[in-house]
Amino acid sequence: MMMLRVFLLSCACASVLAMPSAFSKDQSLENEVHSYNFPFVTREQWQARSPVKKTPLQTPVPFVVIHHSYIPAACYDKEQCCAAMRSMQNFHIDDRGWWDIGYSFAVGSDGAAYEGRGWETLGAHALHFNTVSIGICLIGDWRFEVPPAEQRKTAMALIAAGVELGYIKPDYKLVGHRQVRATECPGDALFNEIKTWDHYSPFPNSHLDLLSVEEIPDFVKEAIRNNGTLPV
Ligand SMILES: [Zn+2]
């Protein structure tokens, strides 16, 4: 009886001691991925290539930039959306010469969020605005129609998750890509739609306003003045 008691106690001690290592940093990040309240597809799951290089993003960021992909077209299941992610990544690395897919995340018409550069890496989605923002691409051409409800809902839930995880400031501003660069992105229909979303900000109104955006760091403003380039 005594022997058994000792045995049980030592078992209890062992499992208590084992606890901390069961919650390693990687594993807790993994747990965060699984705690999203929408389908989330990791880079591994869509078979991303490794980034050429990475620069850390300073968080929490004050802005979220919404994009559409235009090409590839909207995707409606995991297989199509994973293929869209791979084609965007190939285009951005091989044709644009960037270090990885440009967006922080993308969202498909299947209602799933797809991991791009993620929360902690500087994106290449909005020239001169990457250091202060997370870029979310709604896969598809949204010039004439708005993305399906599930896709819009997941994009909003992803932003809310970013705030909750501390990567996006609670008082963040939401803008369309055309507000920081001369581009039609994110398409007229989607742009009109995001004007109704929480935190939409009409400022900046165009790339000509960038020097007046107080959150943009001086080295980036210097690059804007000199027409310089920044890491991509
Ligand atoms: Zn864009």
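Q: Let's take helices (H or I, at least four residues) and strands (E, at least two) as DSSP runs numbered from the N terminus. Where is the place of P202?
A: P202 sits in the loop between α5 and α6, the latter covering residues 218–225. Please keep in mind that this is a predicted model, in which local features need pLDDT of at least 70 and side-chain atom pairs count only at pLDDT 80 or more, while totals for chains, interfaces and linings use all residues. Residues are numbered from 1 along each chain as its sequence is written, and side-chain values use heavy atoms, with hydrogens and water left out.

Q: Is P202 buried or exposed?
A: P202 counts as exposed, at 56% relative accessibility, where exposed means over 50% relative accessible area, buried means under 20%, and partly exposed is in between (1.4 Å probe, protein chains only).

Q: Zooming out, how many helices and strands does the chain have?
A: The secondary structure of the chain comes to six helices and six strands, and from the N terminus the elements follow the order α-α-β-β-α-β-β-β-α-β-α-α. Of the 232 residues, 44% count as buried. With contact taken as heavy atoms within 4.5 Å, 72% of the contacts between residues at least 6 apart in sequence join residues at least 24 apart.

Q: OK, metal next. What are the protein donors of the zinc ion?
A: The protein donors are H67 (ND1), H177 (ND1) and C185 (SG), which lie 2.1 to 2.3 Å from the zinc ion. Donors here are N, O and S atoms within 2.8 Å of the metal (3.2 Å for Na, K and Ca), and since water is not among the atoms, sites may look incomplete.

Q: And which spacing do the donors follow along the chain?
A: The spacing is H-x109-H-x7-C. H67 lies in strand β2 (residues 61–68) and C185 in the loop between β6 (168–176) and α5 (188–194), so this pair ties together parts that are 118 residues apart in sequence. H67 is buried, with a relative accessible area of 1%, and C185 is buried as well, at 6%.

Q: Switching to α4: which residues are buried there?
A: In α4 the buried residues are Q151, T154, A155, L158, I159, A161 and G162. They cover an arc of only 160° around the axis, which puts them on the same side of α4; the arc is that of the directions from the helix axis to the C-beta atoms. On the face turned away from the buried side, α4 carries the exposed residues K153 and E164.

Q: What do the buried residues of α4 pack against?
A: They pack against β2, β3 (105–107), β4 (113–115), β5 (133–138) and β6. The helix itself, residues 149–164, has 16 residues and reaches 22 Å from its first C-alpha to its last, close to the 22 Å expected at 1.5 Å a residue, where the expected span is 1.5 Å times one less than the number of residues. After α4 comes G166, whose phi is positive, near 85°.

Q: Then α3, what covers its buried residues?
A: The cover includes β1 (40–41), β3, β4 and β5. The buried residues of α3 are C81, C82, A84, M85, M88, Q89, H92 and I93, and because their arc around the axis is only 155°, they are on the same side of α3. The exposed residues E79 and D95 are carried by the face turned away from that side.

Q: What does A106 touch?
A: Not counting residues up to four places away in sequence, A106 touches M85, M88, A112, A113, Y114, C137 and I139. A106 has its place in strand β3 and is buried, with a relative accessible area of 0%.

Q: Last one: which residues have the most contacts inside the largest nonpolar core?
A: Those are I66, I136 and L174, in a core of 29 residues. A nonpolar core is a set of buried Ala, Val, Leu, Ile, Met, Phe, Trp, Tyr and Cys residues joined through side-chain atoms within 4.5 Å. The largest share of this core, four residues, comes from α4. Leaving aside neighbours within four places in sequence, I136 is in contact with V64, V65, I66, H67, F105, V107, L158 and I159.
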